[in-house]
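Student: Can we go through how the helices and domains pack in this one? Start wherever you like.

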Amino acid sequence: MQSRWSDADAAWTIESHAAQGVAEDIALRVYTARLLGRDPRLVLHGGGNASVKTRIADLVGAKTEVLCVKGSGSDMGAIEPAGLPMVRLEPLRALRKLERLSDQDMVNALRGNLVDSAAPNPSVETLLHAFLPHKFVDHTHATAILGLVDQPNGEALAREVYDGRVGFVPYVMSGLALAKAAAGVFEKKPDVEGLILDKHGIFTFGEDARQAYERMIALVSLAEAWLKRDRRNVFAARPLPSALANPADIAPIVRGACAAPPGEADADPRRFVATFRTGAAILAYVNGADLEDYSRRGVATPDHIIRTKNKPLIAAAPAAGKLDAFAEELRRRVAAYVKDYDAYFARENKRVGGGKSKLDAMPRVVLVPGLGLFGLGESLKDAAIAADLAEDTLRVVTDAEAIGRYEPAGESDLFELEYWSLEQAKRVGSLGKALGGQVAMVTGGAGAIGLATARAFREEGADIVLLDLDRDAAAQAAAGLGGLGIACDVTDRASVSAAFDAVCERFGGVDILVSNAGAAWAGRIGEVPDEVLRESFEINFFAHQSVAQEAVRIMLAQGTGGCLLFNVSKQAVNPGANFGPYGLPKAATMLLVRQYAVDYGVDGIRSNGVNADRIRSGLLTDGFIAERAHARGVSEGDYMRGNLLRREVTAQDVAQAFVHLAKARKTTGHIAAVDGGNIAAALR
Ligand code: ZN
């Protein structure tokens with residue numbers, strides 16, 4: 001591990017922050033916190049923290065000593081001065097006298113001493129930073145350090161590797177007790193460069209930002225070098241089926257089996273996004289004959305537990321062509337996992353005297369021998385975090401097993417962290433949003449209606465996939481929504497199939513399909529060439545059928561219902577002159593909506609459509625509008641408002657109708673008109 005300290009970058013950070021009125025100490029704290037936070041071997045997803053002690057003048061000019069420490073759960077790699085809440089130091093130091101400090105009192109003491117009362121909550125490890133005397137204090141859960149200390153003889157190993165350069169702090173949960181223990185260890189040997197925290201991570205410190213940072217790099221590098229020596233081969237391979245199923249085929253099965261059962265009867269299950277990862281290191285790990293043993297000993301550092309739970313679910317190796325058997329076995333294993341989690345909760349809750357309320361018992365990491373692993377979460381972001389932490393854990397386990405035996409913190413210690421209110425407060429996600437945990441796919445996603453619809457679904461918490469013929473437009477539109485853009489020709493079955501495979505690997509499946517792509521063809525029906533009519537049927541009917549068929553296949557594999565939404569058209573009901581080539585396939589698509597409702601209602605899959613009229617979009621070009629308005633002798637505005645309500649209908653109106661139908665859990669086979677009132681196109 002190389003130091004990435006640069007005098008020029010440090011100077012630039014000081015200069016650019018000075019221009020915004022930020023003091024040098026804080027600028028340097030931001031600089032090295034980011035250096036640490038951007039190296040995944042040191043810091044992942046809110047893990048780790050950093051602080052600086054400095055002096056400020058208060059409103060009346062009195063100098064006060066303050067601790068600027070990372071906010072709880074924030075990301076070190078992207079930290080800004082505002083992410084380092086400033087806390088008065090003396091009152092924090094005074095807390096060392098206490099024997100005990102409740103969570104509520106600790107948060108109160110931290111918040112009560114904030115210089116800016118609106119600042120975020122300081123890190124749960126703030127007191128540890130406060131009790132150490134050094135100006136700069138850095139803390140990480142570095143992968144290599146965990147490989148050393150997640151061992152039965154972690155202390156002996158740390159002494160051997162560091163030869164007196166660090167202090168060793170036995171495992172204690174974060175908070176007052178750990179802060180006091182760490183300060184005590186430091187004071188016994190004040191010339192140490194850092195502290196190793198058993199089963200947890202490492203602190204380094206120094207009189208300036210560079211010293212604390214360089215010590216982190218040096219001490220972690222020593223651990224890395226140690227782990228490279230005298231390794232034994234780990235993970236003897238298990239036998240695997242001769243032909244394995246594809247990740248895209250099993251993803252919906254995994255996702256469906258891991259959905260949390262509804263809290264009340266007649267409600268939907270709570271779905272998670274399931275994202276797939278693979279690679280040489282992952283495969284060596286999941287293909288090991290003893291996977292059930294080493295992968296279930298627990299998380300590599302305690303705070304991973306809020307993202308990954310303590311144990312992964314282990315699936316059977318999926319044989320090609322035997323998906324039903326895989327699904328059945330997986331459901332059995334999920335039931336066993338849930339039973340195991342419930343028993344762990346009951347046991348530990350009793351031990352601590354009760355009073356905790358149980359979190360859902362579903363796994364957040366699924367290991368699949370032969371293929372790789374899935375990370376699960378309430379959004380793609382959370383699923384990716386779970387997958388990243390699972391990958392980090394398997395690196396730690398691999399290292400630890402190569403030099404000894406992987407032995408992380410025990411179940412009781414981890415329970416206290418998993419159910420610690422201050423850790424729970426870090427959990428963010430789409431919880432509480434109506435469509436959180438669901439995956440919505442929109443075809444024609446880069447057009448006006450597609451994009452407005454995708455935005456509306458994102459607002460409701462769904463993760464978004466945009467399909468569009470134009471690769472760049474799809475990617476660009478999706479990027480703005482934190483989603484995935486895929487180039488797809490919906491009239492080409494292979495292209496559709498490939499797009500759904502990509503969605504299954506990234507998200508685990510799909511819950512909502514908005515089949516929106518379409519194109520307008522005109523021509524007097526008695527004279528229109530056959531090719532034109534057939535081409536229009538390809539996009540305005542068969543493409544709807546292709547994407548719906550793929551979506552239903554995945555929804556059935558998930559077994560958690562689903563929602564099909566079709567952009568039909570008022571043409572399906574009220575044909576316009578010379579619009580036969582467009583209206584005829586749309587009329588067939590309107591029947592398609594109802595056919596899916598009839599055939600798949602029993603599976604909880606709903607099918608609904610929207611009949612819109614006169615929307616400014618790719619279909620209804622400005623030129624066309626001008627021409628129509630002119631032909632009728634009205635202004636363009638009046639043409640667009642030519643409906644009962646005299647209101648122009650927008651892409652956002654159509655988007656809201658799709659969202660409404662997605663939430664209408666007891667509506668299927670329905671066509672909603674979004675046309676400002678067009679009685680000739682009324683369905684009844
Ligand atoms: Zn920590």
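**Helix and domain packing**

Tutor: α10 and α20 are oblique to each other, where oblique is what remains after angles under 35 degrees (roughly parallel), over 145 (roughly antiparallel) and 65 to 115 (roughly perpendicular). Helices here are DSSP runs of H or I of at least four residues, and strands are runs of E of at least two, both numbered from the N terminus. This is a predicted model, in which local features need pLDDT of at least 70 and side-chain atom pairs count only at pLDDT 80 or more, while totals for chains, interfaces and linings use all residues. Residues are numbered from 1 along each chain as its sequence is written, and side-chain values use heavy atoms, with hydrogens and water left out.

Student: At what angle do the axes of α10 and α20 cross?

Tutor: Roughly 50°, and the axes of α10 (residues 247-257) and α20 (residues 493-507) come within 8 Å. Axes are lines fitted to C-alpha atoms, for helices over the stretch in contact, and angles run from 0 to 180 degrees between N-to-C directions.

Student: Which residues of α10 and α20 meet?

Tutor: From α10, Pro247, Ala248, Ala251, Pro252 and Arg255; from α20, Asp501, Cys504, Glu505 and Phe507. Contact means heavy atoms within 4.5 Å. By class, this contact of α10 with α20 has six nonpolar, no polar and three charged residues. Nonpolar covers Ala, Val, Leu, Ile, Met, Phe, Trp, Tyr, Cys and Pro, charged covers Asp, Glu, Lys and Arg, and the others, Gly among them, are polar.

Student: What about α10 and α21, how do they pack?

Tutor: α10 and α21 (residues 530-558) pack at about 45°, with their axes 7 Å apart. That angle makes α10 oblique to α21. Asp249, Pro252, Ile253, Arg255 and Gly256 of α10 meet Arg553, Ile554, Ala557 and Gln558 of α21. By class, the contact of α10 with α21 has four nonpolar, two polar and three charged residues.

Student: Switching to domains. Which ones are assigned?

Tutor: The assignment gives domain 1 (7-227), domain 2 (247-424) and domain 3 (439-613 + 649-675). Such bounds come from an automatic or database domain assignment.

Student: How many residues does each of domain 1 and domain 2 put into their contact?

Tutor: Domain 1 gives 24 residues and domain 2 gives 26 residues. The centres of these two domains, taken over C-alpha atoms, are separated by 30 Å.

Student: And what area is buried between domain 1 and domain 2?

Tutor: About 2300 Å², of which carbon and sulfur atoms give 63%. Buried area is the accessible area (1.4 Å probe) that two parts lose on being put together, summed over both.
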